[in-house]
Amino acid sequence: MIQKFMDGFCKILNMVMAICLAVMVILVFGNVVMRYAFNSGITLSEELSRWLFVWMTFMGAIVALKEHGHLGTDMLVGKLGTVGKKFCLALSYSLMLFICWLLFSGAYQQTMINLGSTSAVMEVSMAWIYAPGVIFAVLGGLVLLTDLLRLLTGQLRDEDLVMVQDTEESPHGENKAAEQRRAL
């Protein structure tokens with residue numbers, strides 16, 4: 001049930017990120033055309049594009065965290081046995097949860113500090129620029145907790161204990177072929 005919710009939520013985040021990217025492209029391209037062709041510009045283009053980029057980055061980080069798409073290396077962990085892999089995975093989840101806590105506390109403090117100040121152009125509370133850090137820390141922490149609980153309850157298969165998608169040593173096609181063979 002939690003997995004279905006996360007899948008649906010990530011689909012929504014992907015759509016929101018696509019909209020953010022489209023708005024950014026339109027604003028920046030429109031501003032360039034306005035400056036060179038008409039010697040004017042869209043006043044809020046730069047600031048709004050920057051804010052959308054920050055939000056889009058944090059939303060993408062949530063999706064990547066859920067899909068285990070962040071960079072990693074399996075040089076050491078891949079050579080360990082099942083118990084060693086489980087220990088390393090639990091340790092890494094614990095460290096990532098701690099980092100989510102640090103990010104949450106720092107972003108929350110910055111959000112509260114900047115609640116009363118406004119941006120120069122849009123005159124919107126500067127708390128909105130720090131809020132994505134709070135949201136990522138909470139949602140990322142939930143994703144990590146879900147994965148950690150799956151590990152601790154034994155719901156992960158042995159091949160899922162190394163959370164690396166592809167490696168530099170083998171071409172991408174070989175990894176996909178190996179995944180297809182495992183599925184059969």
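**Labels and cut-offs**

Author: The structure holds 5 aromatic pairs. Rings of Phe, Tyr and Trp (its six-membered ring) pair if their centres lie within 6.5 Å.

Reader: Why is the pair of F5 and F9 called stacked?

Author: Planes under 30 degrees apart count as stacked, over 60 as edge-to-face and the rest as tilted. The ring centres of F5 and F9 are 6.0 Å apart and their planes stand at 15 degrees, so this pair is stacked. Both residues lie in helix 1 (residues 2-38), 4 residues apart, about one turn of the helix. Helices are DSSP runs of H or I, at least four residues, numbered from the N terminus.

Reader: What is the basis of the model and its values?

Author: The model is predicted; local features need pLDDT of at least 70, side-chain atom pairs pLDDT 80 or more, while totals for chains, interfaces and linings use all residues. Residues are numbered from 1 along each chain, and side-chain values use heavy atoms, without hydrogens and water.

Reader: Why does F5 count as exposed?

Author: Buried means under 20% relative accessible area, exposed over 50%, partly exposed in between (1.4 Å probe, protein chains only). F5 has 55% relative accessibility, so F5 counts as exposed. F9 has 24%, so F9 counts as partly exposed.

Reader: What makes the contact of the E47 and S119 side chains polar?

Author: A polar contact is a pair of N or O atoms within 3.5 Å; within protein, one must be able to donate a hydrogen and the other to accept it, and residues adjacent in sequence count only if both atoms are side-chain atoms. The side chains of E47 and S119 make such a contact at 2.7 Å. E47 lies in helix 2 (residues 45-66).

Note on methods. Helices (H or I, at least four residues) and strands (E, at least two) are DSSP runs, numbered from the N terminus.
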